[in-house]
Amino acid sequence: MKLTIHMSPADVHAAGPAIEDVYIVIDLIRATTAITTIFERGALRILATNTVEQARKAAQLVPGRLLCGERNAQPLPGFDYGNSPAQFSRADLSKRELILTTTNGTRAFYACPPQSICLAGCFYNAHAVTAYALACAQRQQSNIAIVCAAENGYFALDDTVCAGYLAQEIQHQRPDIICHESVTAASSLYQLYPPPQLAKYCHSIQQVINSGLGEDINFCLQQNVSSTIARVTGQEQQTGLLILEPVSTHS
C-alpha cells in the first residue's frame, strides 16, 4: 500500500489518478471542516458545485435545499449560509439537503476519479477519516492519495500542513505503508507549522480573520474532535452535482 500527497488538484490530473485508489480531499480553511460539521448537525446530503451560477440553478431545480457558499471568504448574496463551520455547528440541519460552492474546496472533489472512494478530511476528523480510508484501501488492496485543494490553483500552506498531519495518522495506524517523498515534505511542514502557529504564516487564515470570521480558525484547527466522515457517493442526474453523504465509521 502506498501513500501520496497531491499539493493541488492539478497534481492529481498530472499523476493520472487511479480509479481504485482512495482519495482524501483537504480544504482545511474551510470547506472540508464545514462539510464535516454539516453532517454532524444532521444533514442528509451536500451537493457540491464549482460555480455560483451552478449553485443558484440547482437551488431553483430542487426547491427546499439550503444554498451555501463563499467566494474569497465572503458569504454570497441571497445564500442561506456562507461556509462557516462555527456557524454550522450551531445550526439545526436535521434531514436537510445543502448545495455548497466554495472558492477552492468543492473544485478539488471534481479532480478525483468519479468512481473512486473520495472522502472529506481535515484536522477536525483526522483520526476517523484516516482510519476509514485505510480500511477501504486494505479491503480493495489499493493506495491512498491525499489531495490538497490549494488556493486558486497554487500551493496552500494550511492544506499541506493538514495533509502532513493526516499522513502521520496513517503511518501510525499502518507503519509499513510506503510513502512518496511528498509525504516527507508535508510531514516536515506540519512539524514546522503546527496549530496554532500555522495561523501566523497562512494567507487563507489571515483572509478569513480579516473578514471578521476568526472564530472559524479556532474551529478548523481543532484536532480529532469528530468521528463524522463525508464521502462522495455519486453525481445527481437532475443537477449534475457531486453528492456527498455521511458514512459510518464502522463501515
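Me: How many aromatic pairs does the count come to here?
Reply: The count comes to 6 aromatic pairs. Keep in mind that this is a predicted model.

Me: OK, take Tyr-81 and Phe-88. Why is that pair called tilted?
Reply: Their ring centres are 5.3 Å apart and the planes sit at 45°, so the pair counts as tilted. That angle falls between the cut-offs, since under 30 degrees would be stacked and over 60 would be edge-to-face.

Me: Are Tyr-81 and Phe-88 buried or exposed?
Reply: Both Tyr-81 and Phe-88 are buried.

Me: And what about Phe-123 and Tyr-165, how do they pair?
Reply: Phe-123 and Tyr-165 are edge-to-face, with 5.5 Å from centre to centre and 65° between the planes.

Me: Where in the chain are those two?
Reply: Phe-123 is in the loop between strand 7 (117-121) and helix 6 (126-140), while Tyr-165 is in helix 7 (residues 157-173). They are 42 residues apart, so this pair links distant parts of the chain.

Me: Which cluster do they belong to?
Reply: Ring pairs link Phe-123 and Tyr-165 with Tyr-190 into a cluster.

Me: Why does Phe-123 count as buried?
Reply: Its relative accessible area is 0%, and buried means under 20%. Tyr-165 is buried too, at 10%.

Me: Switching to the sheet: what's the strand order?
Reply: It's an open sheet of 11 strands, ordered 5-4-6-3-11-10-7-2-8-1-9, with mixed pairing. Strand 5 (74-75) and strand 9 (178-179) are the edges, each pairing on one side only.

Me: In what sense do strands 10 and 11 pair?
Reply: Strand 10 (residues 229-235) and strand 11 (residues 242-247) are antiparallel, over 6 bridges. For instance, Gly-234 has Ile-243 in strand 11 as its bridge partner.

Conventions:
Residues are numbered from 1 along each chain as its sequence is written. This is a predicted model: local features need pLDDT of at least 70, side-chain atom pairs count only at pLDDT 80 or more; totals for chains, interfaces and linings use all residues. Side-chain values use heavy atoms; hydrogens and water are left out. Two strands pair if DSSP finds at least two bridges between them. Helices (H or I, at least four residues) and strands (E, at least two) are DSSP runs, numbered from the N terminus. Rings of Phe, Tyr and Trp (its six-membered ring) pair if their centres lie within 6.5 Å; planes under 30 degrees apart count as stacked, over 60 as edge-to-face and the rest as tilted. Buried means under 20% relative accessible area, exposed over 50%, partly exposed in between (1.4 Å probe, protein chains only).
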